[in-house]
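Thanks, everyone. I will take a few helices and their packing, then the chain as a whole. Here is the model.

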Amino acid sequence: MNTNHAASNNALESVFKERPEFRHIIDIVEPRSSVLDLGCGEGNLLRALQVSKHARVQGIEVSDTAIQECVAKGLFVYHGDLDEGLADFNDHSVDYVILTNVIQVLHRPDFLIREAARVGKHCIILIPNFGHWRVRLQLMLFGTMPRTRSLPYEWYDSPNIHLTTIQDFTRFCENHGLEIVQRTGFVLGEGKCRKVRTKPNFFADYAIFVIRKP
Amino acid sequence: MEAKNVILSLALRAHGGSLISMSNSSITGTQTGSVGVVETHYYDLPEPLLLNCGKTLGPIRLAYETYGQLNADKSNCILIVHALTGDAHVAGFHSADDKRAGWWDNMVGPGKAFNTEKYFVLCSNIVGGCKGSTGPSSINPSTNRPYGLDFPMVTIQDMVNAQKSLVEHLGISRLLCVVGGSMGGMQVLQWTVAYPEMVRLAIPIATTARLSPQAIAFDAVGRQAIMADPNWNGGDYYGGNPPSSGLSVARMIGHITYLSDRSMHQKFGRGLQDKACLDYNFKTEFQVESYLNYQGDSFVKRFDANSYLYITRAMDYFDLSEPSGSLAKELSRATCAFLVVSFSSDWLFPTYMSKEIVSALRRNSLDVSYAEIQSDYGHDAFLLEVESLSRLIVNFLEYADPDSNRFDEY
C-alpha cells in the first residue's frame with residue numbers, strides 16, 4: 001500500500017511538472033466533490049483530483065487514443081464531441097465542471113459555457129490570455145499573428161478558433177449573468193505557476209476563472 | 001478471423017500437438033496463449049421456465065463452457081453472452097486435432113483481454129439455440145418429436161432468466177462482469193436491469209437497447225427466405241432435407257449487414273473470382289458473391305433454420321425502454337458500472353444507438369465509460385478489432401470494479 005501511495009505521488013509530481021496550473025485548479029476543488037472535465041485529454045487532471053481530493057470524476061474527450069489512456073487510469077469517460085452539449089446532465093448536478101484550454105477550440109464556446117454553468121455548481125475555466133503583452137507586441141511591432149508559449153501555433157494550423165482575453169471573458173460573464181467567483185491570472189513556465197496580481201490582462205499568459213450561475 | 005484460426009492451428013501442429021501456443025501480447029505485456037482443449041458441459045434447469053409470451057418451457061438444457069478457475073469466494077466470474085449465431089464455445093478447441101477455435105478465442109485465454117489466469121470465464125448457449133441448448137430442434141417431451149414451430153417464442157429476457165439459473169447453479173451470487181456484442185449486448189443490458197444485484201460490471205458492445213426498424217426489416221427478409229424454401233415445410237423438416245437454400249440466403253443477408261461499404265471495397269473490390277474475365281452468366285463472377293456463397297454454405301452445416309427464425313424474432317422483440325417508454329427509467333434499475341463500446345462503421349447497430357444507452361445511464365448517474373472505436377469493419381468489428389477492444393476491456397476490468405476498494409490505495 002505504501003508503494004502504491006508513493007507511486008501515485010510520483011505520478012502526480014510528473015503531472016504537475018508538465019501542467020503546473022493543475023495545482024491551482026486542484027486547490028479550488030473541495031474534497032470528495034463531483035467533477036466533470038470537458039475535454040479531459042488523457043485524464044491527468046481527473047486522476048490528480050481523484051488521488052488528492054478523492055473526487056468523484058468523469059470526463060468527456062473526443063480523441064480515441066486519449067480515451068484509451070483515461071480508461072487505463074480507471075476513469076469513467078465519454079467519447080464524444082463537446083459541441084454536442086451536455087443534454088444528459090441535470091441542472092447543478094455536478095459540483096465542478098472544468099474546462100482547461102478548451103473553450104478556444106469550440107465552434108460555439110458561448111453555448112458550452114452556458115451549458116457548463118447550468119450543469120455545474122461551479123465552473124473552473126482556464127483560458128490562454130490573448131491580451132498578454134507579448135501577443136500585443138508581436139501584432140503591433142511585426143504585424144504578424146502572435147506565437148507565444150501559450151499560443152504556439154501558426155495561423156494556419158492552430159486549433160484555436162475562438163481566442164479571448166481576460167477582459168473579453170470577464171465581459172462575457174457579466175453579459176451572460178454569470179457570477180465570477182474567482183479570477184486569477186498567472187504566468188506559466190518550467191513547472192512553475194506564478195500568480196499575476198498587477199494588470200493580469202497585460203501580464204498573465206493564462207487565467208483561471210471560477211464562475212457560477214446564481 | 002478465419003485466417004487467424006488457421007495460423008493458430010498451424011502453430012499448434014508445429015508444436016507437435018501440444019495445445020499451448022504462446023505469443024506476445026502488446027496489450028497486457030505478457031505472453032498470451034490458448035485455453036487448450038475444452039469440453040462443453042450441460043445443465044438441466046430444475047424447473048420449467050415461465051416465458052415472456054406466457055407459455056411455460058421445460059425441461060430446459062443449457063450447453064455451457066468455462067475457462068480458468070473460479071476463486072474461493074466465487075467473485076471472479078465473467079459471463080460472456082453470445083450473438084445471434086454464436087454458441088457456448090468461446091475459446092480453445094474441442095479436441096487435439098480440432099482446427100476451429102472458439103468464436104472469441106483471440107479475446108479469451110491466458111494473458112488475453114479476458115485473462116483466464118485471473119478470471120473464471122463462463123458462456124452458455126442461449127435457450128432457443130441449436131448448439132446444445134434446448135431449442136426448436138430439441139425433442140418435445142409431449143410428442144417425442146422435435147418441437148419445430150411448437151417451440152414457444154422466446155425473448156432476450158427468457159435467455160437471461162435461463163442463464164441466471166445456470167449462474168446460481170454454479171454457486172455464483174455475483175458476476176464480476178457480463179459482456180457481449182450485438183445480441184450479446186442486448187442480453188448484457190437485460191442482465192443489468194433484471195438482476196442488478198448480480199452484476200458488478202457490464203460491457204455491452206456494438207449493440208442497441210431496442211432493435212431498429214431497419215434491423216427488424218433485415219431479420220424479416222432473412223426469415224422470409226427460410227420460410228419460402230419448400231424444404232422448410234412449416235418448420236417440420238427434421239429427419240428430412242432442411243431448408244438449406246433459404247437459410248443460406250438468410251445468412252448472406254446477415255453478412256451484408258455485418259460488413260461496411262468500405263470493408264467490402266477493401267476486402268473484395270470488384271475483383272473477379274478465380275478468373276481474369278467475365279463469363280456473362282449468373283454463376284459466381286465476383287469475389288463478393290463467392291464470399292457470401294461460402295458464408296451461406298458453411299452456415300447451413302452448423303445452424304438450424306428454425307433456431308434462426310426464433311432468435312431473430314427474439315431480437316425484434318427486444319426493447320428495453322418498455323413498458324414505460326423511457327429507456328432512462330427502465331435502466332434506472334441498473335446499479336453496475338458500464339463500458340459501452342461502438343464501432344464507427346457499424347451501420348446495423350450504429351454509434352447513435354450506443355450513445356442512447358450511455359445517455360440513459362448518465363441520466364441515472366451511473367458510472368459509465370463510452371468509447372467509439374474507429375474501424376472500417378462494420379458490425380463485424382466487435383470480433384475483429386481485438387487490440388483496441390482488449391486494451392479497453394483489460395483496463396476496465398482492472399480498475400472499474402466498484403468492489404475493488406481502489407481509493408484505499410491512495
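Helix α5(B) passes α7(B) in a right-handed crossing. Before I go further, note that this is a predicted model. The two helices in question are α5, residues 244-258 of chain B, and α7, residues 287-302 of chain B, and their axes lie 8 Å apart at an angle of about 130°. That angle makes α5(B) oblique to α7(B), because an angle counts as roughly antiparallel when it is over 145 degrees.

Which residues make the contact between α5(B) and α7(B)? From α5(B) come B:Ser244, B:Leu247, B:Ser248, B:Val249, B:Arg251, B:Met252 and B:His255. From α7(B) they are B:Leu292, B:Gln295, B:Gly296, B:Asp297, B:Phe299 and B:Val300. Sorted by class, this contact has six nonpolar, five polar and two charged residues.

Helix α4 of chain A, residues 64-72, meets helix α12 of chain B, residues 386-399, with axes that come within 8 Å and cross at roughly 25°. So α4(A) is roughly parallel to α12(B). The crossing here is left-handed.

On the chain A side, the contact uses A:Gln68, A:Val71 and A:Ala72 of α4(A). On the chain B side, α12(B) supplies B:Arg391, B:Leu392, B:Asn395 and B:Phe396. By class, the contact of α4(A) with α12(B) has four nonpolar, two polar and one charged residues.

Staying with chain A, is helix α3 mostly covered or mostly open? Mostly covered: α3(A) runs over residues 44-53, and seven of its 10 residues are buried. The buried ones are A:Asn44, A:Leu45, A:Leu46, A:Arg47, A:Ala48, A:Leu49 and A:Gln50. After α3(A) comes A:His54, with a positive phi near 50°.

Now chain B as a whole. Its secondary structure comes to 12 helices and 16 strands. The radius of gyration of chain B is 21 Å, close to the 22 Å given by the globule rule for 410 residues, so chain B is as compact as a globular protein of that length. Taken along the principal axes, the C-alpha atoms of chain B fill a box of roughly 70 × 50 × 45 Å.

How much of chain B is buried? Of its 410 residues, 49% count as buried. As for contacts in chain B with a separation of 6 or more, 71% are between residues 24 or more positions apart.

That is what I have; questions are welcome.

Key. Residues are numbered from 1 along each chain as its sequence is written. Chains are lettered from A and ligands numbered from 1 in the order in which they are written. This is a predicted model: local features need pLDDT of at least 70, side-chain atom pairs count only at pLDDT 80 or more; totals for chains, interfaces and linings use all residues. Helices (H or I, at least four residues) and strands (E, at least two) are DSSP runs, numbered from the N terminus. The radius of gyration is taken over C-alpha atoms; the globule rule is 2.2 Å times the number of residues to the power 0.38. A residue is buried if 20 or more other C-beta atoms lie within 10 Å of its own, exposed if 12 or fewer, and partly exposed in between; C-beta atoms are placed from the backbone. Two residues are in contact if their C-beta atoms, placed from the backbone, lie within 7 Å. Axes are lines fitted to C-alpha atoms, for helices over the stretch in contact, and angles run from 0 to 180 degrees between N-to-C directions. Angles under 35 degrees count as roughly parallel, over 145 as roughly antiparallel, 65 to 115 as roughly perpendicular and the rest as oblique. A crossing is left-handed if the near helix is turned anticlockwise from the far one by less than a right angle, and right-handed if clockwise. Ala, Val, Leu, Ile, Met, Phe, Trp, Tyr, Cys and Pro count as nonpolar, Asp, Glu, Lys and Arg as charged, and the others, Gly among them, as polar.
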